[in-house]
Amino acid sequence: MALLLLFLLLFPASLASAGEGPFIGVNIGTDLSNMPSPTQVVALLKAQNIRHVRLYDTDNAMLLALANSGIGVTVSVPNDQLLGIGQSNATAAYWVARNIVAHVPATNITVIAVGSEVLTTLQNAAPVLVSAMKFIHSALVASNLDSRIKVSTPHSSSIIIDSFPPSQAFFNRTWDPVMVPLLKFLQSTGSYLMLNVYPYYDYMQSNDAIPLDYALFRPLPPNKEAVDSNTLLHYNNVFDAVVDAAYFAMSYLNFTNVPIVVTESGWPSKGDSSEPDATLENANTYNSNLIKHVLNNTGTPKHPGVAVSTYIYELYNEDQRPGSVSEKNWGLFDANGVPIYILHLTGAGTVLANDTTNQTFCVAKDGADKKMLQAALDWACGPGKVECSLLLQGQACYEPDNVVAHGTYAFNAYYQKMGKAPGTCDFKGVATVTTTNPSHGSCIFPGSGGRNGTSVNGTILAPSSNSTTSGCPPQYFFDVGSITSSLIITILHLALVLL
């Protein structure tokens, strides 16, 4: 604390924080079709105490799900919209009205990222990048939102030339006509430089010049640390060296009080034969050490004690993502919200510290066909031999009296009874696995540790997701008409008792 106070006396206050103390956030990928529903995503964020997320667009359903959660949200102007916004103030104003004003203050949007790695991936849009940022900011001013929402743009760390030693680093001079006005904009609006930092790629491309331990934040003996010969600063990890290289590169352009936020960093948990270090162990080591490094407010050798808030890439694996095996495996969780690995975060607070590996439940899918749900419910409470008496009128799980709620209880009871075996939470595609406990009030669901959710021991085989008896055989599809789910449950329960 004394070191931080001394630093604040010596350096501009704006550099000491990017709006608050250091935080760990997560990136939520672009392919939402291969993820849980937005409400389930938000439930996972809450369960893991994740208070900051970055979206690569302004998906309406996701922004609505994040409403009233208090979670800080970074939204993005996709690259394919950048040219239009950068050339038209009116287009920028319309974008802000539709995607920002329509959601705040219920959704806590705190940052707008204009494009992503534009200078290295969309060079034809580079000349309008700063204009786009200014137009977006002007629209925020007009809506009286500029004091609560910052504007910036994420950069690849590859825009930095000669990143080691950090003191000799500078931005690619080709981009000076963009970087100088961009940094002026960030400085004048109190925003920050967004930087994507991937020690994994630095390590992979170094031809063994970078030790694996140095990339993974593993402790190094003093004689193994990298030393900047100009400043004599010692570096024991790639992450700090890259961040400091960006600080020095800004200093080279005479900007010394623009803070940095790392918008992407992570490590893949699986790779192909050419990616032998993309492993569960290495991914766990990197992300665990990164989280502790950030939340301990360690700072960097150039700026010790200065927050470098970081968004981990990414929340979920993206199984459908094109490219190498590693491209699909940067996630902390699979599509069902089950951790890919359990982070080692002792002493690092509560963010991402909850082990949900064994806390999975089976619930009705959002938007599932009601007749399909009814048929699956009938099967679970009948041939599936689930004890459904708690769904009877007057019992703990009767309310809410609808097929979604009753189906969720029955599906989960079956799933838990079958030991969460693969294929036991499918029910012809109307059910899905979640880490969110669906218990409510006095209705305690099986698998959540309560007492009212006991199930009947059964010996039937678990229906597979490819089977014709996957949770609801064809003979149980019928038009329920005006018959309520509770009446059907009552009849089936009586039949089971008589048997």
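Predicted model: local features only at pLDDT ≥ 70, side-chain atom pairs only at ≥ 80, totals over all residues.
**View 1. The largest pocket holds about 700 Å³ of space.** A pocket here is an open set of points on a 1 Å grid over the protein atoms alone, where a 1.4 Å probe fits, with protein on both sides within 12 Å along at least five of seven lines; lining residues have an atom within 4 Å of a point. The volume is the space filled by probe spheres set on the points, which are joined across faces, edges and corners. Of the 27 lining residues, the closest to the centre are Ser 157, Asn 196, Tyr 198, Tyr 201 and Asp 202. Helix α12 (238-252) gives the largest share of the lining, 3 residues. Helices are DSSP runs (H or I, at least four residues) and strands are E runs of at least two, numbered from the N terminus.

**View 2. Ile 100 and Ile 136 have the most contacts inside the largest nonpolar core, a set of 104 residues.** Such a core joins buried Ala, Val, Leu, Ile, Met, Phe, Trp, Tyr and Cys through side-chain atoms within 4.5 Å, with buried meaning under 20% relative accessible area (1.4 Å probe, protein chains only). α12 turns up again, giving the most to this core with 11 residues. Leaving out residues up to four places away in sequence, Ile 136 touches (heavy atoms within 4.5 Å) several residues, among them Val 77, Trp 95 and Val 151.

**View 3. Phe 217 and Phe 239 make a tilted aromatic pair.** Rings of Phe, Tyr and Trp (its six-membered ring) pair if their centres lie within 6.5 Å; planes under 30 degrees apart count as stacked, over 60 as edge-to-face and the rest as tilted. These two have centres 5.8 Å apart and planes at 45°. Phe 217 sits in the loop between α11 and β10 and Phe 239 in α12, so the pair ties together parts 22 residues apart in sequence.

View 4. Tyr 409 lies in helix α15 and Phe 445 in the loop between β15 and α16, 36 residues apart.

Definitions and conventions. Residues numbered from 1 in each chain as written. Heavy atoms only, no water. Buried < 20%, exposed > 50% of the residue type's maximum accessible area, 1.4 Å probe, protein only.
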